[in-house]
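Trainee: Could you show me how to read salt bridges and helix contacts in a model like this one?
Mentor: Let us take the features one at a time.

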Amino acid sequence: MPEPSWFDEGYPHIWLPYCQMKVAPPPLPVARTEGCRIVLADGRELVDGIASWWSACHGYNHPHIREAVGRQLATMPHVMFGGLVHEPALRLARRLTEMAPYGLNRVFFADSGSVAVEVAMKIALQYANTRSSGKSKFLCFRNGYHGDTFGAMSVSDPEESIHSAFRGLVPRQIVVDIPTDSRAMEDLDRFVGTAADILAGIIIEPLVQGAGGMRFHSPDSLHGLFRIAKKHGILFIADEIATGFWRTGHRFACDSAQVRPDILCLGKALTGGTITMGATLATEEVFSAFLSDEWEAALMHGPTYMANPLACAAANASLDLFDRESSTERVQRIEARLRDGLEPCRSMPGVVDVRVLGAIGVVQLDPETNIFALRPKLVDRGVWIRPFKDIVYLMPPLVIDAHDLDTLTEAVRTVLGSRD
Ligand SMILES: *Cc1c(COP(=O)(O)O)cnc(C)c1O
């Protein structure tokens, strides 16, 4: 079937994300989305296994979100947030602070996850330097990923990451392994003690490091790191852009370890996968450090489309849907089914690990695997799954039913089991 004319006319002018355009096969033209399905221009329907980079938590085109955004579109698609405020934003701010770990009482809206991380880093640097100067570094973790902008790149894994072309070109941070036992935790505690005078913050993706390779760590490790931050008076920044809103089975991954970060970054599923939006939440303690008679002490950040009313309306509607149904039970059901469906992969040749947490299922392969060769085979089996690095992973919409979930895991088993 020939590609649609818009494809042939526009493709020579587009620059695609994370793509070596010299050799990559052309992308698939999409006509529309519905529920847990992506419908291609040629009419094929794919069961969606990654919820558009983990954002479409309620599935696509949810009528409640669509209606809320439509209503907002008719009233006020956008208005600047400098000197003006509106109901969708203030309502959303109140609701997010009620949901978030206790004490995160102030919300700064950003226009994407990466910008939410940049804002978190700016807050931490400015906060730390009002107390003592020279706190210019962040402690961050191997296999971490915090976004594609400059600050966010600097706290992502410098060696293994997709940003290796920028090695040495972004600010150097202090990168360590996430401690997995008490001995390693004590060593890190001692190290942080010696570096506390230069550290403005510790930044981590709680429980699951996503784009760095879907690696899990325990609530104990998370709690240990939180305690180290508290002990040495360093701000603890939780980047829950991927893990927030029940993806790991908890409302926020921090809830699993009774961790109350000083700063929390949200994004991705915040608008139910409808419109780009990020949010940076801070404690009243952090916020109040910016209160002063000096203008220069203010937080100097303000994206043009900050707190976009359409995005706020989508996010409020997404929170309504979370209020309606128990996502905890829903995610527990997905977790059990992902385990059953993916576990048989463990004995297949070239499989290094199978792991499942909440609505995240991962099959890790031998690093020598030609991961890109798997992508078209999965599409041929009627699923949209996008393996990267050394992993095939599933992060479906949280509303996916058992039948579609089985279609996803069966496709993974078949494609991994039939490799030569
Ligand atoms: C996706 C992601 C980001 C970046 O969000 P964007 O909206 O793509 O800028 C940051 N941190 C984590 C943990 C993410 O998964």
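**Salt bridges and a helix pair**

Mentor: We can start with E67, which has a relative accessibility of 49% and therefore counts as partly exposed, and please keep in mind that this is a predicted model.

Trainee: With which residue does the side chain of E67 meet in a salt bridge?

Mentor: As a general idea, side chains of opposite charge can pair when their charged atoms come close. Here the side chain of E67 meets that of R71, with 3.3 Å from N to O. Both residues sit in helix α3 (residues 63-75), and because they are 4 residues apart, about one helical turn separates them. R71, at 51% relative accessibility, counts as exposed, since the cut-off for that word is over 50%.

Trainee: How many salt bridges does the structure hold, and which parts does the pair of D404 and R37 tie together?

Mentor: The structure holds 19 salt bridges. In one of them, the side chains of D404 and R37 meet at 2.7 Å, N to O. D404 belongs to helix α13 (residues 402-417) and R37 to strand β2 (residues 37-40), so this pair ties together parts that are 367 residues apart in sequence. D404 is buried, with a relative accessible area of 6%, whereas R37 is partly exposed at 27%.

Trainee: Is D262, the partner of K230, buried or exposed?

Mentor: D262 counts as buried, at 3% relative accessibility. In its salt bridge with K230, the closest N and O atoms are 2.8 Å apart. K230 lies in helix α8 (residues 219-231) while D262 lies in the loop between β10 (235-239) and β11 (263-266), so the pair ties together parts that are 32 residues apart in sequence. K230 itself is partly exposed, with a relative accessible area of 38%.

Trainee: Which residues are linked in a network of salt bridges?

Mentor: Such a network links E343, R346, D353 and R355.

Trainee: Now for the helices: at roughly what angle do the axes of α3 and α10 cross?

Mentor: The axes of α3 and helix α10 (residues 309-324) cross at roughly 150° and come within 8 Å. Angles over 145 degrees count as roughly antiparallel, and so α3 is roughly antiparallel to α10. Their crossing is right-handed.

Trainee: What kinds of residues make up the contact of α3 with α10?

Mentor: The contact residues divide into 10 nonpolar, 3 polar and 2 charged. Among them, I65, A68 and V69 are on the α3 side, and L310, A313 and L321 are on the α10 side.

Note on methods. Residues are numbered from 1 along each chain as its sequence is written. This is a predicted model: local features need pLDDT of at least 70, side-chain atom pairs count only at pLDDT 80 or more; totals for chains, interfaces and linings use all residues. Side-chain values use heavy atoms; hydrogens and water are left out. A salt bridge is a side-chain nitrogen of Lys or Arg within 4 Å of a carboxyl oxygen of Asp or Glu. Helices (H or I, at least four residues) and strands (E, at least two) are DSSP runs, numbered from the N terminus. Buried means under 20% relative accessible area, exposed over 50%, partly exposed in between (1.4 Å probe, protein chains only). Axes are lines fitted to C-alpha atoms, for helices over the stretch in contact, and angles run from 0 to 180 degrees between N-to-C directions. Angles under 35 degrees count as roughly parallel, over 145 as roughly antiparallel, 65 to 115 as roughly perpendicular and the rest as oblique. A crossing is left-handed if the near helix is turned anticlockwise from the far one by less than a right angle, and right-handed if clockwise. Contact means heavy atoms within 4.5 Å. Ala, Val, Leu, Ile, Met, Phe, Trp, Tyr, Cys and Pro count as nonpolar, Asp, Glu, Lys and Arg as charged, and the others, Gly among them, as polar.
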